[in-house]
Amino acid sequence: MKQIVRKVFKTPGLSSAFFMVALFIVAGIINPAFLSLDNLQLCINGSVMYMLLAIGIAFVLMTGEIDVSIGSVLGLSAAFMATCVRDGVSLWIAIPCTLAIGAVAGLLNGYGVAKLHVSSIIMTLGTMGILRGTVYIYTQGKWVENLPDYFKRYTQASVFGFVNVFLLVTIIITLGIHFYMSKTKKGRYLAAIGDNINGANLIGIPVARTQIFAFVLSGIFASLAGIIFVSKVGFVPPTAGSGYEMKAIAACVIGGISLSGGVGTVIGAFFGAIIMSSIGRILVFLKFPSEWDNTITGILLIVIVVADSLFRRHSAEKARKERLSARTLNEEREA
Amino acid sequence: MRKLLATTLATAMILSAFAGCSSGSTTSTASAAGSTAAPASAAGTVKKDAKDINVVFIPKLSGNAFFESANVGAQDMAKKVGFSCKYDGNPQASVANQVQIINSAVTQGADAVAISAVDPNGLNESLKAAKAAGVKVVCWDSDVNNQYRSLHVAQGTPEQLGQMLVDMAAMQMTDAQKKNATFVFHYSSATVADQNSWVVAARAYVKTKYPGWKEVSQPYYSEQDAEKAISVGESVLKANKGITAVICPDSTALPGQAQAAKNLGMSGKVIITGFATPSSMKNFCLDGTVPKFGLWDCKIQGAMGAYLGYWLAAGNTFKVGDDIDIPDVGKVKVQPNTVLDPKAYTADDSGVVVLPERVIFDKDNVGKYNF
Amino acid sequence: MDKIRKIFRWETALVGILVAQILIFGLINPRFLKINVLLGSVNDYISICIIALFVTFVIITGGMDIQAGSIVGLTSIVMGLLWKVGGMNIWATIPIVLLVGALCGAFSGFLIAYTGVQAMVVTLGGMFLFSGLAVVISNAAVSSAFQGISGFPAEFVQLANGKSFGIPNPFIIFIVLIIFAYLLLHKTKYGRKIFLVGVNTNAAQYAGINTKLVIMSTYILSGMGAAIAGIVLTSYLGSSRADFGAELTLPIVTAVVLGGTIITGGKGGVIGTALASLVIGILKFGLQMVGFSTQYLDIPVGILLIVAVAIRSVSATGGLKFPKFMKSKGQRQKMAGSAK
């Protein structure tokens with residue numbers, strides 16, 4: 001058992017998968033109805049939006065920055081997309097335009113952080129406010145509602161009868177990005193910048209360009225999540241997306257991505273997003289009075305993150321001790 | 001280059017300030033700057049002209065379909081009668097935010113405020129100050145402590161609304177179901193005053209009229225977040241298999257729960273009802289997911305609130321028992337506060353105006369409303 | 001010496017922005033210039049100001065605290081319950097409530113300092129936990145969380161609504177706290193330790209400073225700051241509700257970073273934070289006074305934030321810096337070639 005646990009924690013990103021399984025099992029023990037196949041399917045399919053948000057922000061977190069504007073980008077994209085769908089604009093036009101919104105927001109953030117050297121939290125706090133206000137101006141404060149059914153049905157579409165299309169695409173994207181970020185040269189730039197920005201500068205990595213790239217990706221993924229929001233929820237209030245950035249950041253941290261950058265994989269973010277998105281559903285199944293929702297969410301979050309950190313520390317300590325004893329053993333032998 | 005950038009951005013900021021002034025309201029900055037503080041027209045001797053009167057219309061929160069519709073009603077009324085009505089709400093429903101808006105309205109020289117209160121008592125101090133400054137205070141949808149406001153436009157007592165929720169569900173049940181139905185509530189949160197009061201009243205009504213019914217779980221909260229309403233909605237249906245009815249007295253929870261039922265293919269197999277705006281529920285009503293749901297005409301409610309604020313600021317006075325004539329609505333009677341709460345504060349100049357009716361929407365009439 | 005000069009330059013810039021705001025808004029709406037209007041408006045955002053003062057401590061050590069808003073609600077409901085259900089004298093509840101705030105801060109601070117978990121996530125969990133506890137406690141003790149507790153004794157309500165020497169009481173409390181925080185941070189050894197821990201935690205550790213205790217203590221301070229804000233808010237609104245402070249999280253961080261504190265730690269100041277929170281508050285109030293509707297206020301605040309910090313960092317680094325590789329294509333190719 002210990003061996004398995006240790007191996008799981010060593011492999012990048014799988015520790016959050018471990019927590020996810022543990023969480024589901026605990027929920028299942030308390031209420032077996034949770035573990036029914038179609039409910040688990042619902043849980044995972046329902047996390048697609050958060051997955052996309054988490055993957056997007058993972059880029060930025062890897063470079064050691066932060067992006068709290070993704071919630072507002074989601075809101076603006078969702079409002080725009082929903083308006084297009086409601087007014088019958090062709091999807092071939094609507095989707096690229098919506099993604100462009102995210103890209104522009106990302107460019108703005110990236111320019112501020114990389115060229116004007118504004119701290120990323122300030123820059124994205126600012127754009128968060130600006131974009132949120134823009135949503136109000138764009139929607140005049142009203143909901144975008146009564147969307148045609150055909151668009152809402154996309155969330156139900158499945159391949160082979162049980163694999164949700166959106167989920168499949170997200171899994172492919174995640175694997176693709178993981179490969180890109182860990183194996184390709186350009187992909188590794190992100191982690192390099194997050195780990196040591198000056199060092200990266202010195203060895204020739206185009207820091208500013210990569211930072212802007214990370215923010216643009218974060219914006220595009222947030223827009224993508226906004227499109228999923230429209231399809232899944234079916235109506236868009238101007239407040240859509242508020243607070244989602246915190247959940248996405250928490251998902252990434254649970255997934256092993258460090259806020260100081262350079263560490264972690266998108267696979268971890270993937271599972272972390274499932275955890276964050278499922279907490280709400282699990283609470284319904286636990287039959288606790290709903291007033292306990294926030295308390296339990298807080299406790300869960302803290303327990304998972306602390307446990308993860310302690311495990312990591314423990315295995316790092318152990319590894320260090322082994323190296324130390326191996327060295328002294330060698331020295332003794334040589335003496 | 002750097003200086004140019006800085007000055008451009010600074011100018012953009014200042015310009016955006018002016019842009020914001022003309023967006024979304026008919027207030028003109030000239031009137032705010034030019035008007036001297038209106039003295040309290042105590043005995044109603046000075047009747048002010050409509051176009052000089054400035055009413056600030058304060059919802060619980062902005063960006064919510066219900067309150068936006070009420071604002072539409074208020075703005076239409078303002079345009080018709082000729083007074084200016086400014087819509088000022090914070091995207092987050094919080095007492096501190098509302099107090100700040102009230103204080104700011106008073107300092108800006110508003111003549112009246114029309115409020116839907118987040119908390120019945122938290123606004124007391126600021127309303128006291130408003131009254132002292134001569135600002136007229138009316139409430140709509142959610143009342144405050146009766147001492148600090150002149151009139152309240154009520155949609156009904158909590159008992160009436162709780163009953164309505166239960167009756168709408170019962171209307172859709174077969175006789176067998178009526179005997180031993182299972183139900184749950186799904187709304188915003190434990191801290192929202194009015195929704196919780198309706199739920200408490202609904203429970204009491206169920207105990208007396210339908211004793212066989214069982215509330216199988218504590219209420220579910222989705223905190224007015226659209227996405228949460230869907231995932232909580234789906235989990236509610238999954239965790240409580242075979243449930244007869246889900247009652248959602250919240251304008252975000254109801255469409256979310258309906259969409260969740262559709263996603264699970266349970267349209268029509270479970271009774272979903274509650275309060276929400278007809279425009280957000282139109283499709284669900286027509287396709288049978290939510291055949292009946294209710295609300296009251298919040299456009300009229302908003303219009304009445306704004307009008308009464310203007311009417312008081314114009315120097316009119318009333319006594320409990322009087323009739324007030326509201327354009328396009330008709331004569332409304334001012335009733336004593338005890339109509340809503342037997343223990344309420346009573347005074348001759350503090351009363352309640354009850355909305356003529358609440359509406360149950362179904363597929364025949366849902367298309368007729370545009371809010 | 002240079003560092004001090006730089007900090008003072010930023011604070012004077014903030015003062016300049018503040019004065020400019022007052023003048024511009026005063027020009028558009030003369031009512032704005034009335035001193036009691038200005039000071040009275042501070043009452044409405046005093047919570048942000050007070051809490052931001054102490055969150056500055058946290059951020060200087062390189063941490064982050066987003067749970068302070070929820071502690072406000074928790075302390076408010078504890079206060080109300082102790083008074084109403086426990087029958088305690090309202091003034092006697094104040095030290096207990098401060099203790100509650102300190103405990104909340106200590107809880108998160110302990111986890112952050114001693115287990116090495118990311119501060120943002122622990123305080124995010126803390127945010128959910130404390131706001132949830134507030135609702136649970138109020139539901140358990142009083143029949144309903146939605147009605148709130150009110151009817152506090154008049155002298156207590158006057159605490160935040162009254163004036164002393166013509167100045168609103170909360171503003172006086174704010175000034176007192178500014179002085180306290182300033183002395184604590186800039187004039188004591190403890191304050192210097194905070195800076196050192198923020199600049200280089202390892203070096204501070206090796207220099208013999210108990211970094212873990214220092215970090216934990218900053219969270220205790222911000223928890224107590226939140227408790228003070230909870231007390232003032234409860235008095236100001238005359239009502240005790242579990243959901244007070246929920247909306248304060250990001251405005252607090254905005255005020256701290258606008259005040260010149262660097263998010264990675266090691267640099268910052270109390271005066272800057274105080275000025276920045278006033279700047280933001282007056283900006284919002286002023287824009288309302290000239291006719292802006294509240295729901296659009298995020299835009300100018302966002303622009304102000306970006307512009308102010310952009311100007312500062314651009315001037316600090318001596319003009320827009322282009323990395324060497326971007327200067328000329330030839331040089332870039334040369335560097336790219338050698339990096340391979």
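Is helix 12 of chain C mostly covered or mostly exposed? In this predicted model, helix 12 of chain C is mostly covered, since nine of its 10 residues are buried. The buried residues of helix 12 of chain C are Thr249(C), Pro251(C), Ile252(C), Val253(C), Thr254(C), Ala255(C), Val256(C), Val257(C) and Leu258(C). Beyond the end of the element, helix 12 of chain C is followed by Gly260(C), a residue whose phi is positive, near 105°.

Part of the surroundings of helix 12 of chain C is provided by helix 13 of chain C. Helix 12, which spans residues 249-258 of chain C, packs against helix 13, residues 270-289 of chain C, at an angle of about 125°, and the two axes are 7 Å apart. Sorted by class, the contact of helix 12 with helix 13 of chain C comprises six nonpolar and three polar residues, with no charged residues.

Helix 13 of chain C also contains Met289(C), a residue that counts as buried because it has 25 C-beta neighbours inside 10 Å. When neighbours within four places in sequence are left aside, Met289(C) is in contact with Phe25(C), Asn29(C) and Phe32(C), and also with Ser104(B), Thr107(B) and Gln108(B) of chain B.

Helix 4 (residues 68-84) and helix 11 (residues 211-237) of chain C pack at an angle of about 55°, with their axes 8 Å apart, which makes helix 4 of chain C oblique to helix 11 of chain C. Helix 4 of chain C passes helix 11 of chain C in a crossing that is right-handed. Among the residues of helix 4 of chain C in this contact are Ala68(C), Ile71(C) and Val72(C), while those of helix 11 of chain C include Ser222(C), Gly223(C) and Ala226(C). The residues of the contact of helix 4 with helix 11 of chain C divide into nine nonpolar and seven polar, with no charged residues.

Attention then turns to the contact between chains C and A, which takes 47 residues from chain C and 46 residues from chain A. On the side of chain C that touches chain A, at least two residues are supplied by each of helix 5 (93-115), helix 6 (119-141), helix 12, helix 14 (298-316) and helix 15 (329-339) of chain C. Helix 6 of chain C gives the most to this side, with 14 residues. By class, the residues of the side of chain C that touches chain A are 32 nonpolar, 14 polar and one charged.

Chain A itself has 15 helices and two strands. Its radius of gyration is 21 Å, close to the 20 Å that the globule rule gives for 335 residues, so chain A is as compact as a globular protein of that length. Along the principal axes, the C-alpha atoms of chain A fill a box of roughly 80 × 55 × 40 Å, and 56% of the 335 residues of chain A count as buried. Among contacts in chain A between residues at least 6 apart in sequence, 79% join residues at least 24 apart.

How values were computed: Residues are numbered from 1 along each chain as its sequence is written. Chains are lettered from A and ligands numbered from 1 in the order in which they are written. This is a predicted model: local features need pLDDT of at least 70, side-chain atom pairs count only at pLDDT 80 or more; totals for chains, interfaces and linings use all residues. Axes are lines fitted to C-alpha atoms, for helices over the stretch in contact, and angles run from 0 to 180 degrees between N-to-C directions. Helices (H or I, at least four residues) and strands (E, at least two) are DSSP runs, numbered from the N terminus. Ala, Val, Leu, Ile, Met, Phe, Trp, Tyr, Cys and Pro count as nonpolar, Asp, Glu, Lys and Arg as charged, and the others, Gly among them, as polar. Two residues are in contact if their C-beta atoms, placed from the backbone, lie within 7 Å. The radius of gyration is taken over C-alpha atoms; the globule rule is 2.2 Å times the number of residues to the power 0.38. A residue is buried if 20 or more other C-beta atoms lie within 10 Å of its own, exposed if 12 or fewer, and partly exposed in between; C-beta atoms are placed from the backbone. Angles under 35 degrees count as roughly parallel, over 145 as roughly antiparallel, 65 to 115 as roughly perpendicular and the rest as oblique. A crossing is left-handed if the near helix is turned anticlockwise from the far one by less than a right angle, and right-handed if clockwise.
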